[in-house]
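User: I'd like to learn how to read the features of a protein model step by step. Could you take me through one?

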Amino acid sequence: MRLSLFAPSKRWRLAGLAGLILVISFAAGPPLTPVRQSPAAAPVALAADSAGIGDTPVIVIGVAAALDLPGLGWPEANSVQLAIDQVNAAGGINVGGVTYLLALAVADDGCEPAQAVAAAHTLLAAGAVGVIGDTCSSATLAAAPVYRAAGVPMISP
């Protein structure tokens with residue numbers, strides 16, 4: 001009997017591989033130079049169109065974070081962006097003979113349960129196949145059932 005780390009569906013394989021890469025990147029810590037720090041950012045910033053970059057399909061990774069809390073939300077998003085940049089610079093991720101690039105979608109959870117649920121729906125609408133977040137426990141607990149119902153894995157920092 002062969003055990004598999006991921007469910008057999010392609011969606012779970014993609015999310016699992018992307019999630020594993022992001023978990024490894026968190027062990028290295030946040031980037032030294034922030035990508036963004038503006039608390040006035042749009043509720044969702046999508047780094048690339050989820051349909052693809054040129055001819056290359058894209059896997060969207062979501063980050064739900066409290067972007068207005070100093071030292072919390074943006075460093076979280078920056079860490080994920082650093083991992084995405086490193087994966088894309090190395091040529092992306094090959095799954096079943098298809099090469100994918102990664103893109104980042106960021107939503108502000110405000111450390112508030114209601115806003116976290118709204119952020120979860122926004123990230124799902126952006127096509128996120130895996131989510132890093134939320135920043136606060138109350139937001140994480142509120143958003144987790146939304147991701148579970150959609151079959152999207154969530155890693156809480």
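User: Let's start with contacts. Which residues does Asp109 touch, not counting residues up to four places away in sequence?

Analyst: The general idea is to set sequence neighbours aside and see what remains. This is a predicted model, and in it Asp109 touches Ala64, Ala65, Ala66, Gln115, Ala116, Ala119, Asp134, Thr135 and Ala139. Asp109 itself lies in the loop between E4 and H3.

User: Is Asp109 buried or exposed?

Analyst: For this you compare the relative accessible area with a cut-off: under 20% counts as buried. Asp109 has a relative accessible area of 0%, so it is buried.

User: Thr135 was among those contacts. Where does Thr135 lie, and what is it in contact with?

Analyst: Thr135 lies in the loop between E5 and H4. Leaving aside neighbours within four places in sequence, its contacts are Ala64, Ala65, Ala66, Leu72, Gly73, Glu76, Asp109 and Cys111.

User: How exposed is Thr135?

Analyst: Between the buried cut-off of 20% and the exposed cut-off of 50%, a residue is called partly exposed. Thr135 has a relative accessible area of 21%, so it is partly exposed.

User: Next, disulfides. How many does a search of the whole structure find?

Analyst: The search finds one. This disulfide joins Cys111 to Cys136, with an S to S distance of 1.6 Å. To read the handedness, look at the torsion about the S-S bond: here the torsion is about 65°, so the disulfide is right-handed. The pair links distant parts of the chain, 25 residues apart, with Cys111 in the loop between E4 and H3 and Cys136 in the loop between E5 and H4.

User: What should I look for in the backbone?

Analyst: Then look for departures. Cys111 has a positive phi, near 55°, and is not a glycine. Cys111 is also buried, with a relative accessible area of 13%. As for the peptide bonds, the one from Gly133 to Asp134 is cis, with omega near 10°. Asp134 sits in the loop between E5 and H4.

User: And which glycines take a positive phi just after a helix?

Analyst: Just after H4, Gly151 has a positive phi of about 75°. Just after H2, Gly91 has one of about 105°.

User: Where does H4 have a kink?

Analyst: The kink, of about 30°, lies at Ala143, shortly before the proline Pro145. Ala143 is also buried, as are Ala139, Thr140, Val146 and Tyr147 in H4. What covers the buried residues of H4 includes strand E2, helix H3, strand E5 and strand E6.

User: Which residues of H2 are buried?

Analyst: They are Gly73, Trp74, Glu76, Ala77, Asn78, Ser79, Val80, Gln81, Ala83, Ile84 and Val87. Ala89, also in H2, is exposed, with a relative accessible area of 70%.

User: Finally, how do the elements of the whole chain run from the N terminus on?

Analyst: They run α-β-β-α-β-β-α-β-α-β, which comes to four helices and six strands. Of the 157 residues in the protein chain, 41% are buried. Among contacts between residues at least 6 apart in sequence, 69% join residues at least 24 apart. The accessible surface comes to about 7900 Å², and 61% of that belongs to carbon and sulfur atoms.

Technical notes:
Residues numbered from 1 in each chain as written. Predicted model: local features only at pLDDT ≥ 70, side-chain atom pairs only at ≥ 80, totals over all residues. Heavy atoms only, no water. Bend = angle between axes of the 7 residues up to and from the residue. Helix = DSSP H or I, 4+ residues; strand = E, 2+ residues; numbered from the N terminus. Buried < 20%, exposed > 50% of the residue type's maximum accessible area, 1.4 Å probe, protein only. Contact = heavy atoms within 4.5 Å. Disulfide = S-S within 2.5 Å. Areas by Shrake-Rupley, 256 points an atom, 1.4 Å probe, with all protein chains shown as cover.
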